[in-house]
Amino acid sequence: MDLAQSDTNPTPEVKAKGIGEYISSHLRQYGLLFALIAVMAFFQIVTDGTLLRAVNVTNLLLQNSYIIIMALGMLIVIVSGNIDLSVGSVMGFIGALAAVMIVNLDQSVPLTIFVCLVMGGVIGAAQGYWVAYWKIPSFIVTLAGMLVFRGLSLWLLEGQSVGPFPKEFQILATGFVPDIFPVSWGDSFANMLEIRRVKHVNILALATGIVAAAVVVWLGLRQRAQNKLYGIEDEPRSFFIARNVIVAAALIFVTYKLSLFRGLPNVLITMGVLTIIYAFITQTTTIGRRVYALGGNQKAAKLSGIKTERLTFLAFANMGVLAAAAGLVFAARLNTATPKAGFALELDVIAAVFIGGASMSGGVGTIIGAVVGAFLMGVLNNGMSIMGIGIDYQQMIKGLVLLAAVIFDVYNKNKQG
Amino acid sequence: MALLSMQNISKTFPGVKALDRVNLDVKKGEIHAVVGENGAGKSTLMKVLSGVYPHGQYEGEILFEGKPARFSSISDSERHGVIIIHQELALVPQLSIAENIFLGNECATSGVIDWRQTNRRTEELLAKVGLMEAPSTLVDNIGVGKQQLVEIAKALSKDVKLLILDEPTAALQENDSRKLLDLMLELKEQGVTSIIISHKLNEVRYVADSVTVIRDGMTVSTLDATAGISEDDIVRDMVGRDMTHRFPEHVRSPGKVLLEVKDWNVWHPEHVDRQVITDASFSVRAGEVVGIAGLMGSGRTELAMSIFGRSYGRNISGSVKLNDNEIDVSSVDRAINAGISYVTEDRKTLGLVLDETIRFNTTLANLEGVSSGSILKRNEETRIAEKYKDALAIRTPSVFQKTVNLSGGNQQKVVLAKWLFTSPEVLILDEPTRGIDVGAKYEIYNIINDLAAEGKGVIMISSEMPELLGMCDRIYVMNEGALVGELDASDASQERIMSLIVNE
């Protein structure tokens, strides 16, 4: 299209942005990262180093895996301007379904997993249908779902716990990726580091961490170079370096700790791959872009030719599949399905997403933010448990952290507006 | 004696100077009309007066009853007896007339409402404004005209000294308007001073004792109307400039018929038996700018939105042809793919995702154009956004600026950019210059002329008749859901358009 320049000269109100201004406009992202580091440092000190012991780091990941898996779906639901209160119950129901299929009905593990994931999708789709096409508020639809599926798990399990699961199902949650490198390498590496308590270092875990760190830095550098090329305002060099050093060091540190215990948990791989996929979908695909538009301004999105109903429907169906996946992991981890599984867990998931910077009104939030938010909650849970703080105080502290994060958001927004 | 004196009032919004040293003097016991074009600053001035923009957010001095007044909020100004009735009525539809009248001002002792007194006083007030309805009737169940009267009754319940009516008749039918104006005259007899904001000059002539004309945020003149006043005098002051200077020069040579809509009928989405559009047929040629004139509520937006992917109404029937081929406009994406774009009337609630960047908004309606296999090419996206930023002269530090931070004119350009990127053949522009300043308007007019020069068909819906007369080759006149006339630019005038509307 060839549009002639208007006769008035453009006078861009360009302002050189200082570092201070950069910080204030990106306070949220850095704040979250620093909060996580500060909380970890605090618990590391007050628990006399227990927090970051190899076995505890492994535990931390396993304990939070199902929260993170569900947070991925919840982020999309919340960005689209909705909420899903049913995920805890759906998770419990799917765990119950898996237990009944495997333990009571003697079905094979692969078939069970397949049926459970499909069932999760159907449950999500059923709820999404009412929200998307009947315009019933998601709060109400999923509140109903929460009650219905809680009741269904009770009915399915007849009020009993069902278990245990066969080994091949348990490895979903408790298995570790075997080291592909020769055992002797790991042994000599352990000797080299002169770690007395550890006889063997899992080289695969460590190598994965180093490669992941390298990839993160490489992607960052590439993006930065492109931003420069297109004249996009970028973060100051010092921030870029500091952020990348912290992230890379954290990745290597965590995998190093894992390598001292039993290596990479299967769940970590699942979680990592899912996180990357969902981060990619939300940031660089048309469907992700449309979800943000839908949550940001539904009417404008609709008038821009976006099929808002279908998108809402898909967001819920996707949430259902992820809740099912989380349900399988949870059941495998406990090695039993109980009627109370997943009780009130939806609140932890929703809290993680909001701590991660998502907005209740939709259109705002990131996958990475939600994952970091989930870890922040996880570290709080874990650290306080190690310290022996009672569940009463734990709940209060978690509640206040959530409130503080959201107040911080609102304060920032008001200041900018 | 002056009841109110506003002196040198200035008010600036980001990117726009809405008021520039405006003066307004209102005598006790008169009806004072404030007139001006859309966007001249009338409503902003009234918001300053009523405390919507509290003291400190504007410059200048307000004297009320001879004393300096510094209202900090609407409730503060109401305590002093200044009561404004806005264009958009502030009634709660689910509450009764009585409840609405005494909302926030209940007849109550320690929080317990005295319903007998409430109803008795409501009946008195309703009698005063001439509204025959029971106090317990829900506001939702009465028409807009009667709702307007409830608003006035509400004002009267509060010991009003100065009543401000912001475009009170904009949404009213002819006879309802007349009743309202008569009520104003009656209230004047009872000693109520009022300010009426309007751009319907016949109404101004009917009720006003003095008229203040505002143009581009400045006071142009204050005329005494008691001895009679001619509409021409007011119009001259309102418009000020020659028409030729307000609209860029253009020479057009429309080609063959591009878009043709035939026998378009639309029913209301909720009231099933109400027909909103009746047998509308119109056409646009390539390289032609066609206007649709009509009052607010005449069905112009509904016509456009029902064509654009059935975004409005139900039981829609009729045919849409583009280049002589019938096209499918049954959903928004199909309409876009067929080559139709609709630039919405309200850019903030319908046009933009305000919390997102210029780049995000520019590509939103055509993400396929910046992606391959549904993966976005973000550098390409940036390039496109930069291209439109330059082509439309969007004033911004970068395309990564959130659109919420832009001025109205620049926001409108982003919305235009979004639709230009869908490569439409026909653009429907609904009130494309509403609420933006004069300079930005001129730029939008330039863009429209460029689009026509490229051979696109442009349909322009506008409430500003001078704008239609200055920009269009042909003008359709719409009234009560039907196209009641078609005028060629050469023999169109405000009077002819108006008479087509009135004679229907």
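In the predicted model, Met387(A) lies in helix 16 of chain A, which spans residues 367-387. This residue counts as partly exposed, because 14 C-beta neighbours fall inside 10 Å, a number between the limits of 12 or fewer for exposed residues and 20 or more for buried ones. Val46(A) and Thr47(A) are touched by Met387(A) when residues up to four places away in sequence are not counted. The C-alpha atom of Met387(A) is also separated by 9.8 Å from that of Leu51(A), although the two residues are 336 residues apart along the chain.

The domain assignment divides chain A into domain 1, made up of residues 63-175 and 290-416, and domain 2, covering 177-264. The C-alpha centres of these two domains of chain A lie 29 Å apart. Confidence in chain A averages a pLDDT of 87, and 91% of the residues score at least 70. Within this chain, confidence is highest in helix 5 (residues 109-134), at 97, and lowest in helix 1 (residues 19-25), at a mean of 66. Over residues 1-17 of chain A the pLDDT is below 50, yet this stretch has 26 contacts in the model beyond near neighbours in sequence. Where pLDDT is low, predicted coordinates should not be read in detail.

For chain B, the assignment gives three segments of structure: domain 1 (2-244), domain 2 (253-339 + 424-504) and domain 3 (353-422). The centres of domain 1 and domain 2 of chain B, taken over C-alpha atoms, are separated by 33 Å.

An open sheet in chain B is formed by 6 strands in the order 6-9-10-3-11-12, with mixed pairing. Strand 6 (82-85) and strand 12 (218-224) of chain B stand at the edges; each has a single partner strand, so one side of each is left without a neighbour in the sheet. From one strand to the next, the twist averages 20°. Helix 1 of chain B, comprising residues 42-49, lies across strand 3 (31-35), strand 6, strand 9, strand 10 (193-197) and strand 11 (210-215) of chain B. The direction of helix 1 of chain B is at about 150° to strand 9 of chain B.

Helix 6 of chain B (residues 174-189) contains Asn175(B). With 9 C-beta neighbours inside 10 Å, Asn175(B) counts as exposed, since the limit for that class is 12 or fewer. Between Asn175(B) and His250(B), 75 residues apart in sequence, the C-alpha to C-alpha separation is 41 Å.

Further strand pairing in chain B involves strand 13 (residues 257-267) and strand 16 (residues 314-322), which pair in the antiparallel sense over 6 bridges. Within this pairing, Ser317(B) in strand 16 of chain B is the bridge partner of Asn265(B). Strand 16 of chain B is also joined by 2 bridges to strand 17 (residues 325-326) of chain B, and these two strands run antiparallel. Leu322(B) has Asn325(B), in strand 17 of chain B, as its bridge partner. Strand 16 and strand 17 of chain B form a hairpin with 2 residues between them. In the turn of this hairpin, Asn323(B) has a positive phi of about 50°.

Methods
Residues numbered from 1 in each chain as written. Chains lettered and ligands numbered in written order. Predicted model: local features only at pLDDT ≥ 70, side-chain atom pairs only at ≥ 80, totals over all residues. Pairing = 2+ DSSP bridges. Helix = DSSP H or I, 4+ residues; strand = E, 2+ residues; numbered from the N terminus. Axes fitted to C-alpha atoms, helices over the stretch in contact; angles between N-to-C directions. Contact = placed C-beta atoms within 7 Å. Domains from an automatic or database assignment. pLDDT = per-residue confidence, 0-100.
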